[in-house]
Amino acid sequence: DGSHGTSLASGKTRVGGYGELHYNNLDTDNGSEKSLDFHRFVLFFGHQFTDRLRFFSELELEHAFSQDTADGSGKGEVELEQAYIEYDLNDRHHVRGGVSLIPVGILNETHEPPTFYGVERNPVEKNIIPATWWAAGVGARGEIAPGWGYDVSLHEGLNNSAYNIRKGRQKSAEADAHDLASTARIKWTGVAGIELAASIQYQQNITQGIDNDASAWLYEAHADIQRGPFGLRALYAMWDIDGSGAKAVGADQQEGFYIEPSYKVTPKFGVFARYNQYDNAAGNNADTGKKQYDVGVNYWLNPDVVLKADYQKQDNESNTGEKDGFNLGIGYQF
Amino acid sequence: DGSHGTSLASGKTRVGGYGELHYNNLDTDNGSEKSLDFHRFVLFFGHQFTDRLRFFSELELEHAFSQDTADGSGKGEVELEQAYIEYDLNDRHHVRGGVSLIPVGILNETHEPPTFYGVERNPVEKNIIPATWWAAGVGARGEIAPGWGYDVSLHEGLNNSAYNIRKGRQKSAEADAHDLASTARIKWTGVAGIELAASIQYQQNITQGIDNDASAWLYEAHADIQRGPFGLRALYAMWDIDGSGAKAVGADQQEGFYIEPSYKVTPKFGVFARYNQYDNAAGNNADTGKKQYDVGVNYWLNPDVVLKADYQKQDNESNTGEKDGFNLGIGYQF
Amino acid sequence: DGSHGTSLASGKTRVGGYGELHYNNLDTDNGSEKSLDFHRFVLFFGHQFTDRLRFFSELELEHAFSQDTADGSGKGEVELEQAYIEYDLNDRHHVRGGVSLIPVGILNETHEPPTFYGVERNPVEKNIIPATWWAAGVGARGEIAPGWGYDVSLHEGLNNSAYNIRKGRQKSAEADAHDLASTARIKWTGVAGIELAASIQYQQNITQGIDNDASAWLYEAHADIQRGPFGLRALYAMWDIDGSGAKAVGADQQEGFYIEPSYKVTPKFGVFARYNQYDNAAGNNADTGKKQYDVGVNYWLNPDVVLKADYQKQDNESNTGEKDGFNLGIGYQF
């Protein structure tokens, strides 16, 4: 009867968002790829029920346009990346239920464009972790001692019969829950500007029973340091997948790392370089390893609005599928 | 030019929402179904133009993730369930135009998770009514005497050549309007905690002319009672579809009822039981009748946030398609 | 961590929207088309970062319901029609980057239902311009002298191998950016109630290289006049497409115009007539020209809420595909 919804003047409901437009100009194996893409348009909706009870959500339209076609050529996707209820047990411990971002890596939980360097996200967190990675479940987070934070959660598992980590994300859409997963993280932020964290995850079966032996462990560790104008991000992640099926295609081990030094010439202008290396079939000797070199700049018009430019060079062991060139981007958050 | 939209501090625009995460753990005919699904993510947007003129809308993402595929396997849907303009003729009579929820049943108009028992909605309102059921059209609502409310509306009809009521919903998406429908309801709320209501609907042709004789009547009545800690919901609904086509498949009569006693042990904790019986092909003697037994609990963390658990047992005359097991849920509204 | 988003009481974030429900009752070549469609449901989200820096966006659900099917029969679409950052160089000049509406025509940038006559938008701006037309890119707008406004932009081009302008819109969804386009407009609003404007656009190649010679020019001019109760809209638009491919199918020239006088009987009630003529294959002598006559009324319940009714008669040179009949509509903006 039209009486639902909070009067927005109440201050209890929050609306926000972020977004990024990308221009890619890349040389490919047989030609070039030039693209203008509003890659991500995201809205946040939150509500504070009481001081201790709140809701938060993140709704995303990827690639700007979603339609139904006969051949599946529609590019856009509508995604619910976060939607959870959180309750404060006390000042230090919080429990939640719903759809959350998995606590792993640097970008997975904090991926607003003004918070990172590079037009596109780094390929290691994209292909190994795989960010953005969200799941339905329950969890807790909090502080175990000053400067020491923890996260634990039980959530939907991956589901891909080819052991493809990224394609295995079920995105909380009628996710097969025969085989669940659990994640734990410990994070140290004891000195201003320094974050050190390590995550571990166990998957009961990343094929949800298609392959009857496909349990998996994910190990990840990273440092994210900002001291004066100097920044450094370094991350390592590795999957160890059990069973003969994954081993047969070399997917039993999938791993990667990157290191990204940066320097803020002024508070508004920063430069970075990044070396990335990863392999989604590291379990055999096939030429599946990939390297990528990036250099670029961020210019913050405002702490929440950023212009980006970078140059990327890919070096694949297979010598195919390499995309070299430059990217431009505009990003914002509010 | 960026000047659109109301400053949210004005108090004239409202934002709200509701949502529910479901975990289903059910035994099926040949195995089991375990699923984690953010079943519904809903946002409300409303605006008050003047004291007498307002807009209200409900936008929903079902199953958390919408994409385009070649085989139609994408699970998510984006739905506009409400979007109407309402004008107050006076304090007692209101007219509206746009997309509205059909005034029938208990859950169809009030389906926020904290307002009902059970993780999943009851199968009678889902398969007979069929909730959530919305349509484009015009209508009026109001009070004819203290405690006596009415609704009348003219709206898009159903459209399914197999006389499947639920699949016949056109959802205001270029809905075929050759054959319209009209609905009337009378509701008595003369004593606090008691609602008694009856709806009647006429459909000109639920196949939109595929079958040239398929007019239909829907009859529905219910009681929704909350007296102290005791609650009782009971509902009966019946379709009477004309023509030889519907009769040939037994779909000329489709009916069902449920009864749901409940008890609030504390203001935050309630228990319920529900008996459901329905048949979408009651017009012949085939074994198409279905029964479902539910028992469960609701725990309200807050009036607007609820945790749910229930056990369901299905008993189909055909002895196939039965799903027995338990469900867990988290729901909220704001 | 739930801390994103602006408290809506801050006044820096804006939410708005518009929408329109259409009822079409038309005679077609072999029968009739009667339809109820919530054609457009649009939400605006904006944010003011500083006095000089802002974000604005327009998110649309077309046809009320988006789902994935195997045969592409899903009607709805989710579209990001605007999403840009704008920065004020000074009071008179503004630059922007992101997804914007192309500055051409009357309706393309201002298409909220209360701002125009007619249930459906005029066919000339739909099929020639083609409104609503948005693109990713960068641009500037401002004032060159009192009453004289300008727009210039560089943006994604069209992409359709059959020289179909409307289907060529890439909608900022991984748009092929091998061949870009640029648009310029000059607008005079030196007398209250009068707008005169002309746009010109150059497309490098509207097939993005499928046809290696398909550059194109778009020319458009219009007047939009409201003097007391009298209104007049007139618009002419013409495409000149280079190359033998377009010429072979007559698509090398595509043009149209309309003229729409109107009269406000009262501030709330207006009447209009419109003559439309256009041809998407004007480059040859085939019978592809189309004419449409419209007459109708608008009744504004409020400046932001409108009821519409009109009658349309189509007169195609081919004598096929004509749809004659009446349309009803409800529209709003906030």
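Me: What makes up the lining of the largest cavity by class: nonpolar, polar or charged residues?

Reply: The model is predicted, with pLDDT of at least 70 needed for local features and 80 or more for side-chain atom pairs, while totals for chains, interfaces and linings use all residues. Residues are numbered from 1 along each chain as written, chains are lettered from A and ligands numbered from 1 in written order, and side-chain values use heavy atoms without hydrogens or water. The lining of the largest cavity has 18 nonpolar, no polar and three charged residues; Ala, Val, Leu, Ile, Met, Phe, Trp, Tyr, Cys and Pro count as nonpolar, Asp, Glu, Lys and Arg as charged, and the others as polar.

Me: Why is a space called a cavity, and what volume has the largest cavity?

Reply: A cavity is a set of points on a 1 Å grid over the protein atoms alone where a 1.4 Å probe fits but cannot get out, and its lining residues have an atom within 4 Å of a point. The largest cavity has a volume of about 270 Å³, a volume being the space filled by probe spheres set on the points, which are joined across faces, edges and corners. Among the 21 lining residues, Leu59(A), Val78(A), Leu59(B), Val78(B) and Leu59(C) are the closest to its centre.

Me: How do you know that chains A and B are related as by a three-fold rotation axis?

Reply: Chain A superposes on chain B by a rotation of 120 degrees with 0.0 Å of shift along its axis (RMSD 0.0 Å), by least squares on C-alpha atoms of residues with pLDDT of at least 70 in both. The two copies are therefore related as by a three-fold rotation axis.

Methods. On a 1 Å grid over the protein atoms alone, a cavity is a set of points where a 1.4 Å probe fits but cannot get out, and a pocket is an open set with protein on both sides within 12 Å along at least five of seven lines; lining residues have an atom within 4 Å of a point.
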